[in-house]
Amino acid sequence: MTRSASPVTGRVFNFSAGPTVLPEPVLHKAKQELLDWQGIGASVAEISHRSADFIALAAQAEADLRALLQVPDDYAVLFMQGGATLQQALIALNLAAPGARADYLITGHWGKTALQQAAPYVDAHIVASGEAQGFCDVPAREDWQLSADAAYLHVTDNETIHGVELNLPLDVEVPVVADFSSSIASRPIRIRDYGLIYAGAQKNLGPSGISVVIAARALLERSGQKRAPILDYRAHLARESMLNTPPTFNWYLLALCLAWMREQGGVAAFGARNAARAQKLYAAIDGSQGFYRNRVATAHRSRMNVPFFLPTAELDAQFVAQAEARGLIGLKGHKVVGGIRASLYNALPDAAVDALVDFMQEFRHRHV
Ligand SMILES: *Cc1c(COP(=O)(O)O)cnc(C)c1O
């Protein structure tokens with residue numbers, strides 16, 4: 001059984017990679033509004049997505065996302081279903097002619113899935129891959145084999161499983177398509193550096209079941225490939241992300257989370273907090289005399305997902321079990337890499353990171 005980290009709230013500290021912790025004020029608000037949203041006498045999950053109330057919610061969510069990320073007017077914002085993975089296929093279908101060249105930089109597991117989802121539709125070309133080095137580093141910029149005629153370059157801003165952050169200026173001629181699933185709104189970015197960014201909401205934005213796409217309107221006008229309207233960004237945009245019934249409750253929760261992030265000071269505030277928290281955790285790892293190890297090159301260590309290893313797999317398992325007994329949950333590493341992974345998303349309280357660092361010190365002293 002999981003014990004809570006706070007006897008007051010009964011809540012744990014949740015380091016899960018996603019779906020994961022939501023802001024506590026958001027959960028309270030959703031609870032309070034569940035039976036009667038805005039005096040309607042029904043919950044938001046029980047009304048039409050075409051009602052004026054829901055359309056106002058959707059418009060506010062877009063306005064909040066635009067304000068948070070400073071999205072320019074010549075960029076469109078879409079709210080969609082199907083997760084980040086669906087976007088990985090839609091990008092190829094919408095932005096590239098059949099069999100056209102599309103470049104992929106592979107810095108971890110999700111870059112590989114992006115390539116796999118696009119491969120049936122485009123001539124997917126690997127510009128460079130960190131796989132041979134176990135995804136512990138980003139291939140040096142001068143070694144990238146960029147295609148002159150690529151429809152786009154796809155990159156993963158933050159590799160959630162391997163804990164690798166791109167963290168370099170891309171400086172390429174073609175539109176950059178970036179998977180921001182685990183790093184959107186974690187720090188200020190310049191939207192104009194990208195042609196399209198996409199993210200499943202369930203890491204750093206809100207609940208699962210809804211994704212956001214932010215794209216240069218001009219890019220969305222590309223003819224792409226033969227595709228059904230449901231797979232066409234233009235059709236979703238024309239219908240304001242309500243081409244078919246959207247996941248209304250997820251959209252509502254996302255809207256509450258976006259409003260909360262703005263109240264908290266926006267991405268500038270989160271950027272500073274996230275950097276400080278990651279630094280604290282990496283310092284605990286690096287200062288452990290080799291008991292805890294993270295192999296990622298310092299310049300590319302993720303501020304959002306921190307994977308690390310203890311001396312043996314048995315110790316990894318004990319660490320996870322004992323952490324859970326104190327209300328620190330979601331620390332088991334992804335099955336692809338094993339070990340431990342602590343995800344430090346915006347909604348995680350600072351006290352969670354302090355509690356983890358304290359537990360790491362205590363656990364180490366018991367085992368050396
Ligand atoms: C979680 C994740 C995905 C997959 O997201 P789904 O919503 O499950 O499709 C893709 N890319 C990154 C970077 C992720 O973290």
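**Note on the two-domain model**

1. Between domain 1 and domain 2 there is a count of 1 salt bridge. Its partners are Glu-165 and Arg-303, whose closest N and O atoms are 2.4 Å apart. Bear in mind that this is a predicted model.

2. How is the chain divided? Domain 1 takes 13–23 + 266–366, and domain 2 takes 31–263. Their C-alpha centres lie 26 Å apart. Domain 1 brings 30 residues to the contact, and domain 2 brings 32 residues.

3. Next, the area of this interface. The size of an interface is often given as the accessible area lost when the parts come together. Here domain 1 and domain 2 bury about 2,600 Å² between them. Carbon and sulfur atoms carry 61% of that area. On the domain 1 side, the residues that lose the most area to domain 2 are Val-267, His-300 and Arg-303. Together they account for 24% of what that side buries. Arg-303 is also a partner in the salt bridge with Glu-165.

4. Polar contacts also link the domains. The count between domain 1 and domain 2 is 14 residue pairs, both residues being at pLDDT 80 or more. Which elements of domain 1 give two or more residues to the side that touches domain 2? They are helix H8 (266–286) and strand S11 (305–308). H8 gives the most, with 6 residues.

5. Ser-302 sits in the loop between H8 and S11. Is Ser-302 buried or exposed? Ser-302 counts as buried because its relative accessible area is 0%, against a cut-off of under 20%. Leaving out residues up to four places away in sequence, Ser-302 touches Asn-158, Gly-163, Val-164, Glu-165 and Tyr-282. Glu-165 is the residue that forms the salt bridge with Arg-303. A polar atom of the Ser-302 side chain lies 2.9 Å from the backbone nitrogen of Asn-305.

6. Gln-133 makes a contrast. Its place is in the loop between strand S4 (123–129) and strand S5 (153–156). Gln-133 is exposed because its relative accessible area is 53%, and the cut-off is over 50%. Gln-133 and Val-368 are 235 residues apart along the chain, and their C-alpha atoms are separated by 30 Å.

7. Now strand S10 (residues 211–216). How many of its residues are buried? The count is 6 of 6, and the strand is mostly covered. In a regular strand the side chains alternate between the two faces of the sheet. In S10, Ser-211, Val-213 and Ala-215 point one way. Val-212, Ile-214 and Ala-216 point the other way, and all are buried.

8. What pairs with S10? Strand S2 (residues 75–80) pairs with S10 in the antiparallel sense, over 6 bridges. Strand S9 (residues 196–200) also runs antiparallel to S10, joined by 5 bridges. Ser-211 of S10 stands opposite Met-80. Ser-211 is also the bridge partner of Gly-200.

9. Last, helix H4 (residues 109–118). Which of its residues are buried? They are Gly-111, Thr-113, Ala-114, Leu-115 and Ala-118. What covers them includes helix H3 (83–95) and strand S3 (101–106). The cover also includes S4, S5, strand S6 (158–159) and S9. S4 and S5 are the strands on either side of the Gln-133 loop, and S9 is a partner of S10.

Technical notes:
Residues are numbered from 1 along each chain as its sequence is written. This is a predicted model: local features need pLDDT of at least 70, side-chain atom pairs count only at pLDDT 80 or more; totals for chains, interfaces and linings use all residues. Side-chain values use heavy atoms; hydrogens and water are left out. Buried means under 20% relative accessible area, exposed over 50%, partly exposed in between (1.4 Å probe, protein chains only). Helices (H or I, at least four residues) and strands (E, at least two) are DSSP runs, numbered from the N terminus. Two strands pair if DSSP finds at least two bridges between them. Domain bounds come from an automatic or database domain assignment. Contact means heavy atoms within 4.5 Å. Buried area is the accessible area (1.4 Å probe) that two parts lose on being put together, summed over both. A salt bridge is a side-chain nitrogen of Lys or Arg within 4 Å of a carboxyl oxygen of Asp or Glu. A polar contact is a pair of N or O atoms within 3.5 Å; within protein, one must be able to donate a hydrogen and the other to accept it, and residues adjacent in sequence count only if both atoms are side-chain atoms.
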